[in-house]
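These are my notebook entries on a structure that I looked through element by element.

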Amino acid sequence: MRYGLISDIHGNLEALEAVLETLAKEGVDAYLCMGDIVGYGANPKECIKKVRSIEPKVLIAGNHEWGTLGLLELDYFSELARQAVIWTKGILNADELEYLGSFKLLAADKKLTLVHGSLEEPEEFNYVFDSNDAGGTFRLLKTQLCFVGHSHVPGIFYFDGKVPGAINDVKAKIGPGKKYVINIGSIGQPRDGDPRASFAIYDEDKKTVEIKRVAYDVEKAQTKILAAGLPKRLASRLAEGR
Ligand code: ZN
């Protein structure tokens with residue numbers, strides 16, 4: 001089984017289409033989505049439609065879904081995010097909101113755990129930026145692998161029972177005796193200085209995880225953000241990957 005892992009799309013249709021084209025070419029068997037389909041970008045409706053069409057096996061709720069549904073106070077969000085949440089809430093219909101409301105905060109089977117932020121209080125949406133942040137998740141993790149998003153900064157972290165560490169590579173072989181927390185980064189608003197959309201492929205048989213990047217039409221996404229009257233910074237940051 002090969003999984004296409006997607007997260008933090010944030011209403012960026014151009015980025016999502018580029019990623020899904022790549023994953024289709026790669027021939028993945030199923031999709032897993034770690035949340036934040038909406039918020040920041042100008043095409044939340046189109047991104048919901050697109051994600052629906054690929055029928056992800058699991059859909060996790062992000063803080064932007066929760067904000068849009070009114071499950072998180074607007075005070076939780078930064079000023080830019082708050083404006084985006086209010087705008088997004090205003091254009092989604094009842095059916096789209098119901099779809100977002102069907103997402104889970106946490107999903108786990110015998111092999112995989114999926115959460116938007118970290119495993120400690122998933123409803124608090126804590127960030128996993130580095131191996132230190134991943135410590136709490138490793139303590140609670142019952143499966144060998146955990147996929148997360150939220151920080152918009154990709155990273156592969158492992159725990160061998162001593163101290164959590166980071167793998168300085170985009171690819172990892174899943175070895176025995178170790179647990180892994182993999183932050184797959186953001187499709188629609190990367191913040192690691194690389195403007196290309198970030199996503200991942202997990203190959204269950206080969207026991208490999210690879211974080212991948214794909215370029216997309218940033219200018220088109222920016223033009224739509226400005227035309228929608230969303231904050232200008234939400235457009236400019238896409239070119240910087242910040
Ligand atoms: Zn996000």
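I count two strands as paired if DSSP finds at least two bridges between them. Helices (H or I, at least four residues) and strands (E, at least two) are DSSP runs, numbered from the N terminus.

The model is predicted, so I note that local features need pLDDT of at least 70 and side-chain atom pairs count only at pLDDT 80 or more, while totals for chains, interfaces and linings use all residues. Residues are numbered from 1 along each chain as its sequence is written, and side-chain values use heavy atoms, with hydrogens and water left out.

**Entry 1: the sheet that holds β1**

I looked up β1 and found that this strand (residues 2–6) runs antiparallel to β11, with 4 bridges joining the two. Arginine 2 has aspartate 203 as its bridge partner in β11.

The hairpin of β7 and β8 has 5 residues between the strands, and in it I noted glycine 161 with a positive phi near 100°.

For helices I use axes that are lines fitted to C-alpha atoms over the stretch in contact, with angles that run from 0 to 180 degrees between N-to-C directions. Angles under 35 degrees count as roughly parallel, over 145 as roughly antiparallel, 65 to 115 as roughly perpendicular and the rest as oblique. A crossing is left-handed if the near helix is turned anticlockwise from the far one by less than a right angle, and right-handed if clockwise.

Helix α1 (residues 13–26) packs on α2 at an angle of about 20°, the axes being 9 Å apart, which makes α1 roughly parallel to α2. The crossing of α1 with α2 is left-handed. Taking contact as heavy atoms within 4.5 Å, I find that Leu13, Leu16, Glu17 and Leu20 of α1 meet Glu46, Cys47, Lys50, Val51 and Ile54 of α2. For classes, Ala, Val, Leu, Ile, Met, Phe, Trp, Tyr, Cys and Pro count as nonpolar, Asp, Glu, Lys and Arg as charged, and the others, Gly among them, as polar. The contact of α1 with α2 then has 6 nonpolar, no polar and 3 charged residues.

I next compared α2 (residues 44–54) with α5 (residues 94–101), where the angle is about 55° and the axes are 11 Å apart, so the two are oblique to each other. Lys45, Ile48, Val51 and Arg52 of α2 make this contact with Asp95, Glu96, Tyr99 and Leu100 of α5, and by class the residues are 4 nonpolar, no polar and 4 charged.

**Entry 2: α7 against α8**

The axes of α7 (residues 218–227) and α8 (residues 232–240) come within 8 Å and cross at roughly 175°, so these helices are roughly antiparallel. The residues of their contact divide into 8 nonpolar, 2 polar and 1 charged.

**Entry 3: aspartate 194**

Which residues does aspartate 194 touch, not counting those up to four places away in sequence? I found Arg213, Glu240 and Gly241. Aspartate 194 itself is in the loop between β10 and β11 (197–203).
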